[in-house]
Amino acid sequence: EKQNLPNGRDGSAMPPAQVQPNGHQSHDPPRGNERAALIKSVFDALNSSGSSYLSAPEMRPLAELTGFTGTDQEWREEFDLLRQECDGSKPGISFTDFKRLVNDTSEDGCYC
């Protein structure tokens with residue numbers, strides 16, 4: 001299920017607000033342990049099958065939120081390439097590979 005995020009002044013999506021201990025919200029990116037916990041929460045939320053791996057359909061919402069706009073066939077091809085870059089012997093994207101992908105700021109990653 002897609003989440004509607006408020007747009008920044010430049011039209012880009014802003015990160016979800018974080019509720020601070022004082023009750024205020026901040027759009028500052030999470031740091032350290034907060035980011036690690038958020039990444040694990042996102043993986044778990046996407047992992048609707050409860051397996052140790054994200055399948056193509058489970059990973060598609062994240063792909064769309066990070067800019068993927070292709071067809072179902074294009075997504076299957078992209079996901080298969082992504083899976084091969086991680087560990088092609090696995091049936092999907094493991095948490096270890098997912099964590100690496102969302103922390104990768106290069107052209108090959110999907111930092112978010």
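Leaving aside neighbours within four places in sequence, Met-59 is in contact (heavy atoms within 4.5 Å) with Leu-54, Trp-75, Phe-79, Leu-82, Ile-93, Phe-98 and Leu-101. The model is predicted: local features need pLDDT of at least 70, side-chain atom pairs count only at pLDDT 80 or more, and totals for chains, interfaces and linings use all residues. Residues are numbered from 1 along each chain as its sequence is written, and side-chain values use heavy atoms, with hydrogens and water left out.

Met-59 belongs to helix 2, residues 56–65. Helices (H or I, at least four residues) and strands (E, at least two) are DSSP runs, numbered from the N terminus. Met-59 is buried, at a relative accessible area of 3%. Buried means under 20% relative accessible area, with a 1.4 Å probe and protein chains only. Trp-75 is 16 residues from Met-59 along the chain, and their C-alpha atoms are separated by 9.7 Å.

Leu-54 sits in strand 3, residues 53–54. Its relative accessible area is 0%, so Leu-54 is buried. Beyond four places in sequence, Leu-54 touches Phe-43, Leu-46, Asn-47, Met-59, Phe-79, Gly-92, Ile-93 and Phe-98. Ser-94 lies 40 residues from Leu-54 in sequence, with 6.5 Å between the C-alpha atoms.

Asp-97 is part of helix 4, residues 95–103. Asp-97 is buried yet has no salt bridge. A salt bridge is a side-chain nitrogen of Lys or Arg within 4 Å of a carboxyl oxygen of Asp or Glu. Lys and Arg count as positive, Asp and Glu as negative; His and the chain ends are not counted. Not counting residues up to four places away in sequence, Asp-97 touches Cys-86 and Asp-87.

Technical notes. Buried means under 20% relative accessible area, exposed over 50%, partly exposed in between (1.4 Å probe, protein chains only).
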